[in-house]
Amino acid sequence: MKIETLEDWGVGIKKPVIIAGPCSAETEEQLLETSQRIKAQGVNIIRAGIWKPRTRPNNFEGIGEKALRWIQNVKKESGVKFAVEVATPKHVYEAIKHNVDILWVGARSTTNPFTVQEIAEALRGADIPVLVKNPINPDLALWIGAIERISNVGISKIGAIHRGFSSFKQTRFRNLPVWQIPLELKRQLNTIPLICDPSHISGSRDFIFDVAQNAMDLDYDGLIIETHRDPENAWSDAAQQITPEILGAMLKNLKFRTPTSKDRDFITVLTELREQIDHVDKELFEIIAQRMDIVEKMGLYKKKNNVTVFQKNRWQEISESRHKWAEELGLNPEFMWDIFKIIHAASIRRQEHIMNTAIDDQDESAK
Ligand code: PEP
Ligand code: MN
């Protein structure tokens with residue numbers, strides 16, 4: 001799959017790319033004023049939803065095609081670029097016909113391979129950047145699959161937008177970030193620009209900044225932030241939009257760090273610390289191997305004496321002591337218990353294997 005890095009997109013876009021604009025285009029004045037005030041903050045790619053996917057019917061579902069003419073007028077008047085969500089082949093044709101600069105595929109569309117394939121077919125032969133939001137469910141393969149479908153029709157300027165994953169559990173996030181999924185996407189498709197959408201992750205303007213800073217610290221390539229001239233009165237997603245001026249202040253306060261440094265001292269110190277970490281990790285592995293040897297001996301002994309692998313009282317004892325040790329060592333007991341449960345499950349599997357095989361058959365590979 002050929003995916004160009006942001007620098008190769010050749011449309012004056014460079015890292016960190018910032019896209020800002022209203023959740024939805026509402027009126028031509030709203031679009032113009034919001035765009036001009038965003039541009040005054042140094043941001044010149046505007047997002048605007050025209051066809052809005054809403055969870056329940058009878059809500060505002062976007063202005064539709066009429067807003068594409070507003071976009072053309074605002075582009076002429078203020079010289080900004082526009083990004084728009086497309087969810088059907090018709091959206092793709094109309095957006096391209098009206099000179100939209102960037103298209104994005106929304107989270108609900110990414111979930112459905114039929115929809116993505118139809119959007120992809122409509123894009124065949126076009127030369128336009130396409131951003132693909134993660135699917136609403138935490139499924140990396142589905143996200144990559146959507147990117148592949150867009151790539152297969154010849155689009156090479158493809159970016160990924162991380163907007164979080166919906167969850168049945170109530171959390172402070174509207175959509176859980178699950179950072180390891182986008183980071184794994186970036187590891188597998190290493191040239192793909194990765195953009196964070198802190199607005200849809202947060203669902204509230206209160207922690208957009210923290211989520212955005214987190215993304216920058218994880219070396220993301222950019223941000224897409226919902227920005228409105230009058231957030232409280234926005235027709236959709238009012239709780240999570242910010243004013244252009246707050247956006248400007250946020251961008252000034254964000255720390256943009258680089259993934260490496262050419263400073264010699266930094267390199268020397270980091271190399272030393274990495275050697276220490278390698279050393280400690282190796283010891284950790286050796287200790288786990290030692291533990292497995294003991295587990296094995298115990299398994300054989302339990303088998304000989306016809307005793308079960310698992311004993312309830314012992315498990316209770318283990319739980320209490322391990323939680324206490326974690327606390328004494330200044331470690332998070334819940335986190336340590338999660339790790340310990342994985343080690344313990346592997347130990348049980350090992351002993352069950354011993355119980356269920358003849359001594360002579362116990363091969364090393366089953367460890
Ligand atoms: C949006 O960007 O306004 C939107 C509908 O987002 P998502 O597809 O991430 O829900
Ligand atoms: Mn929105």
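Contact here means heavy atoms within 4.5 Å. The model is predicted: local features need pLDDT of at least 70, side-chain atom pairs count only at pLDDT 80 or more, and totals for chains, interfaces and linings use all residues. Residues are numbered from 1 along each chain as its sequence is written, chains are lettered from A and ligands numbered from 1 in the order in which they are written, and side-chain values use heavy atoms, with hydrogens and water left out.

**Stop 1: P138**

Select P138, in the loop between β5 (130-133) and α6. Helices (H or I, at least four residues) and strands (E, at least two) are DSSP runs, numbered from the N terminus. Leaving aside residues up to four places away in sequence, P138 touches F165 and I181.

**Stop 2: helices α5 and α6**

Next, display α5 (residues 113-123) together with α6 (residues 140-152); they pack at an angle of about 20°, and their axes are 8 Å apart. The α5 helix is therefore roughly parallel to α6. Axes are lines fitted to C-alpha atoms, for helices over the stretch in contact, and angles run from 0 to 180 degrees between N-to-C directions. Angles under 35 degrees count as roughly parallel, over 145 as roughly antiparallel, 65 to 115 as roughly perpendicular and the rest as oblique.

Show the side chains at this packing site. From α5 the contact draws on P113, V116, Q117, A120 and L123, and from α6 on L142, A146, R149 and I150. By class, seven nonpolar, one polar and one charged residues make the contact of α5 with α6. Ala, Val, Leu, Ile, Met, Phe, Trp, Tyr, Cys and Pro count as nonpolar, Asp, Glu, Lys and Arg as charged, and the others, Gly among them, as polar.

**Stop 3: the manganese ion**

Centre the view on the manganese ion (ligand 2). Its protein donors are C23 (SG), H200 (NE2), E226 (OE) and D237 (OD), at 2.1 to 2.5 Å. Donors are N, O and S atoms within 2.8 Å of the metal (3.2 Å for Na, K and Ca); water is not among the atoms, so sites may look incomplete. The spacing of the donor residues in sequence is C-x176-H-x25-E-x10-D. C23 lies in the loop between β1 (17-21) and α1 (28-39), and D237 in the loop between β8 (222-226) and α10 (244-253), so this pair ties together parts that are 214 residues apart in sequence. Both C23 and D237 are buried (under 20% relative accessible area, with exposed over 50% and partly exposed in between; 1.4 Å probe, protein chains only).

**Stop 4**

Move to E94 in helix α3 (residues 89-97). E94 is buried, its relative accessible area being 11%. Its contacts, not counting residues up to four places away in sequence, are W51, E65 and L68.

Then select D278 in helix α11 (residues 264-304). D278 is exposed, at a relative accessible area of 52%. The C-alpha atoms of D278 and S236 are separated by 50 Å, these residues being 42 apart along the chain.

**Stop 5: backbone features**

K15 and P16 are joined by a cis peptide bond, with omega about -10°; P16 is in the segment before β1. N58 is exposed, with a relative accessible area of 76%.
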